[in-house]
Amino acid sequence: MSHVKLYIPGPVEVSPDTYAAMAQPMIGHRGKGFQDLYAEIQPMLQSVFGTTRQVFLSTSSAWGVMEGAIRNLVRKKVLNCCNGAFSDKWLDVSKRCGKEAEAYQVEWGQPVLPEEIDKRLATGAFDAVTFIHNETSTGVLSPIAEIAALKKKYPDVMFITDSVSGFTTVPVNFDELGLDVLLTGSQKAFALPPGLALFTASEAAMERASTIGDRGYYFDFLEFRANGEKNMTPSTPCISLIYGLRHQLQKMKTEGLENRYARHARLNGMVHEWVKKHGFEFFAPEGYRSKSLTCVANNKNIDVAAFIANLKKDHSLIIDGGYGKLKGKTFRISNMGDESDESITNLIAALDDALAKLN
Ligand SMILES: *Cc1c(COP(=O)(O)O)cnc(C)c1O
């Protein structure tokens, strides 16, 4: 079977051992088999989230929980920090949920800064803030610890964090950071197929949710908690993906989180060396560059579409040609998930070859 290996920043490549782990006979989601599976993965999830709280499994892509967090937690007004495609869309989603929402708009490619959030929260107008830890469209990593530290100053504001493409590539410790919601998705660094979102929420978030009448059902945080206490989910979950999740969590445990972070930093560094060697520039400024993907600025004005076509035709792999309005002006290379020194070395050889063939 011909197979095009994915180096796009989501969905990422899924390893054969993960598919094998997913191929289990189906079980009922209200029976002991499922409850045992749920209970088995819960401590591993808590360890990667850095929390003693429940970690919830949502059968949806990450957007489900991103919308759900707005519906559960915003009473007064939400500040949406916008610095790329995903974060900009979160503002739109807030409005579509009928919430008062305002953007803290940053130019694409730049990070979200704590002092700017502070200034806006100081107005007292907001009771929730959303921000994206790793903006996948631009390859920008915003300073999560400094932003989360503002929670102490604004205890009544809900701090809602998307670390969909940053999670498990750099440390994100929910309890230590003191966030209210931390959410991620299966098809980024977890290297699972899409369709599963994971999140945890603070006690304050649960209290806020209990005061909101129109939370809906499918993403109701209180339903997740009540079912989670019984090792179940509110509705029928994607059980096959949860088998895959168990497998990936076991792999993370074996590797060790610190080693996993170091691996992502090292592989990301290899891609960065390739960028510099060829005279390309980074779209994100120094100090704010993602460790899970590289967003390369097309300062050399290469034909990005032809470059990607060469990679696909000659090497059976693809990278991404730039998100939305950045199409052709940037290209993105993922190093997240199950990638290794060997696979990134092969990728770099392919990038060299495909680039040489353009000239
Ligand atoms: C991929 C991604 C999402 C959206 O995930 P879906 O699975 O498409 O819902 C949200 N935020 C970030 C930062 C992402 O990278």
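Ala191 is buried, with a relative accessible area of 0%, where buried means under 20%, exposed over 50% and partly exposed in between (1.4 Å probe, protein chains only). The model is predicted, so local features need pLDDT of at least 70 and side-chain atom pairs count only at pLDDT 80 or more, while totals for chains, interfaces and linings use all residues. Residues are numbered from 1 along each chain as its sequence is written, and side-chain values use heavy atoms, with hydrogens and water left out.

Ala191 is not a glycine, yet its phi is positive, at about 55 degrees. Asn231, partly exposed with a relative accessible area of 24%, also has a positive phi, near 60 degrees. Most residues other than glycine have a negative phi, and most peptide bonds are trans. Against that background, a cis peptide bond links Gly10 to Pro11, with omega about -10 degrees.

Ligand oxygen atoms lie 2.7 Å from a polar side-chain atom of Gln187 and 2.6 Å from a side-chain N or O atom of Lys188. For Trp63, a backbone N or O atom is 2.8 Å from an oxygen atom of the ligand.

Note on methods
Polar contact = N/O pair within 3.5 Å; in protein donor to acceptor, adjacent residues only side chain to side chain.
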